[in-house]
Amino acid sequence: MESKHTDQAKVKAKPGMMHSKVICCKLYVSESQNAMVVDAISRIGQKDPEVILLSKFEDEYYNRVRYTLVSYITGDSSTGEAVFSPIRKVLLAMIEAAFSAINLELHCGTHPRIGVVDDISFHPLSQAGTMEDAAQLAKLVASDIGNGLQVPVFLYAAAHPSGKSVSAVRRELGYYRPNHKDIQWAGQVLPDTLPMKPDVGPTNVSPERGATMVGAKPFVESYNVPILCKDIPTVRRITRRVTGRSGGFPTVQALALFHGDDCTEIACLLDPDHVGADQVQWLVEQIAEEQGLEVDKGYFTDLSRDIMLERKDNKL
C-alpha cells in the first residue's frame, strides 16, 4: 500500500526514564502531506532526553500523522500528590508548532477530524502506572490547550467526569459524517457555535485550528485491514459487524476509510488483552467473502506495548 509507514526513532533512554511509572501518549495531527511540517514537529518531540519519540505513522490518503511518545510519570493523583511528566512540556511545544504551521481550512483527507490537533490519548504503559495518573495528566494537557491556547477541548474516557467514550463524543460532534464527496473531510467541519459545551476552553471555534479531544484509557493497538473495494457503504456494513455494537468483538472500535482508487480500509482499535489482530483479520475475511470481496493482509500502525517498554529501556 502507498504512503503508509512507521518511522521508528532509535533514541537512547536517559536516567530519568528509569522511573517505574511509564506513560504513553499518542498525538494525532491532521497533516501528513507536508513532510517539512511533519518532520519539524518530530524534531521537537526528540529534544527532551527524558521523552522518547518511539514512532510516527503517516498516511497520505488520511492526511494524518500519529506521534507516539513515552516517558515517566511521577506523583499519585489518588493521594493528592501532583502528577508530573516531561511529556507535558514536549507535547505543548509540538502542539504549538502544529497550530503555527497547519491551517485546518486548507486540509482535506479521508480520515475524519475536528481539529489540527485532533486527538491526544494517554495510556499507562507499565504495571506501576495507573489510569488515574494518566487521566490527571490528560486533564493538565487539556488545560494547556483549552485555557492556554484557547482551543476547545473535549475530554473522554477516564479523563471525562462520567467516563464518556470517545465515540460518544465524536458522534455528538458529527465527527463521522464526511462533508466532501461522501468520502472525505475538507476544511472546518464544526459549526461556529458548538453543538455541546467543551469541557475546557472557549465555546467558539477557530476555523484554522478547530477543536481537540483529550482522553486517557487502557493501551490499545491500531490494526488496519484493506479491502479491495471502493463501495464505501458495503465496507461500512462489514465494519459494523466487526465491532461490539453490532455483535462483533465487544472491545473493538472500527471505522471504514477510503484509501486510494480501489481500496477501503477498516481501521481498528484493539484491546490486546481481549482480542488479537488475527481474530479481527479472520472475521473481516469471512464477512467479506460473503460479499464476494477480496481482503489484503492487515498491518499494525504502531508498536506493541511490550516492544514500547523494551525500547524505552534501550533494548533496541
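Reader: Hi! Where is Pro124 found?

Author: Hello! Pro124 is found in strand 8, which covers residues 117–124. One thing to keep in mind as we go is that this is a predicted model.

Reader: Thanks. Is Pro124 buried or exposed?

Author: Pro124 is buried, with a relative accessible area of 15%. The cut-off for that word is under 20%.

Reader: And which residues is Pro124 in contact with, leaving aside its neighbours within four places in sequence?

Author: Those are Val22, Ile23, Gly129, Thr130, Met131, Ala134 and Lys217. Lys217 is 93 residues away along the chain, yet the C-alpha atoms of Pro124 and Lys217 are separated by 7.9 Å.

Reader: Nice. Back to strand 8, then: in which sense do strand 8 and strand 11 pair?

Author: Strand 8 and strand 11 pair in the parallel sense, over four bridges. As an example, Asp119 has Met213 of strand 11 as its bridge partner.

Reader: What about strand 9 and strand 11, how many bridges there?

Author: Five bridges, and strand 9 also runs parallel to strand 11. One of the bridge pairs is Ala157 with Ala216 in strand 11.

Reader: How many residues of strand 11 are buried?

Author: Five of its five residues are buried.

Reader: Let's change topic. What order do the four strands of the open sheet come in?

Author: The order is 13-14-12-15, and the pairing is antiparallel. Strand 13 (253–258) and strand 15 are the edge strands, each pairing on one side only.

Reader: How many bridges join strand 13 and strand 14?

Author: Six bridges join them. Among the paired residues, Gln253 has Leu269 in strand 14 as its bridge partner.

Reader: And strand 12, which strands does it pair with?

Author: Strand 12 pairs with strand 14 over seven bridges, and with strand 15 over two bridges.

Reader: Where does helix 6 lie, and at what angle to strand 12?

Author: Helix 6 lies across strand 12, strand 14 and strand 15, and runs at about 25° to strand 12. Helix 6 covers residues 277–290, and its 14 residues reach 20 Å from the first C-alpha to the last, close to the 20 Å expected.

Reader: Which residues of helix 6 are buried?

Author: They are Ala277, Val280, Gln281, Leu283, Val284, Ile287 and Ala288. Seen down the axis of helix 6, these fall within an arc of 165°, so they line one face of the helix.

Reader: Which residues other than glycine have a positive phi?

Author: They include Asn63, with phi near 55°, and Gln150, with phi near 60°. Most residues other than glycine have a negative phi. Asn63 is found in the loop between strand 3 (52–59) and strand 4 (64–72), and is buried at 4% relative accessible area. Gln150 is found in the loop between helix 3 (131–148) and strand 9 (153–157).

Reader: Last one: how many disulfides are there?

Author: The count comes to zero. The closest cysteine sulfur to that of Cys229 is in Cys263, and at 9.2 Å it is too far for a bond. Cys229 counts as buried at 10% relative accessibility, and Cys263 counts as buried at 2%.

Technical notes: Residues are numbered from 1 along each chain as its sequence is written. This is a predicted model: local features need pLDDT of at least 70, side-chain atom pairs count only at pLDDT 80 or more; totals for chains, interfaces and linings use all residues. Side-chain values use heavy atoms; hydrogens and water are left out. The expected span of a helix is 1.5 Å times one less than its number of residues. Buried means under 20% relative accessible area, exposed over 50%, partly exposed in between (1.4 Å probe, protein chains only). The arc is that of the directions from the helix axis to the C-beta atoms. Two strands pair if DSSP finds at least two bridges between them. Contact means heavy atoms within 4.5 Å. Axes are lines fitted to C-alpha atoms, for helices over the stretch in contact, and angles run from 0 to 180 degrees between N-to-C directions. A disulfide is a pair of cysteine sulfur atoms within 2.5 Å.
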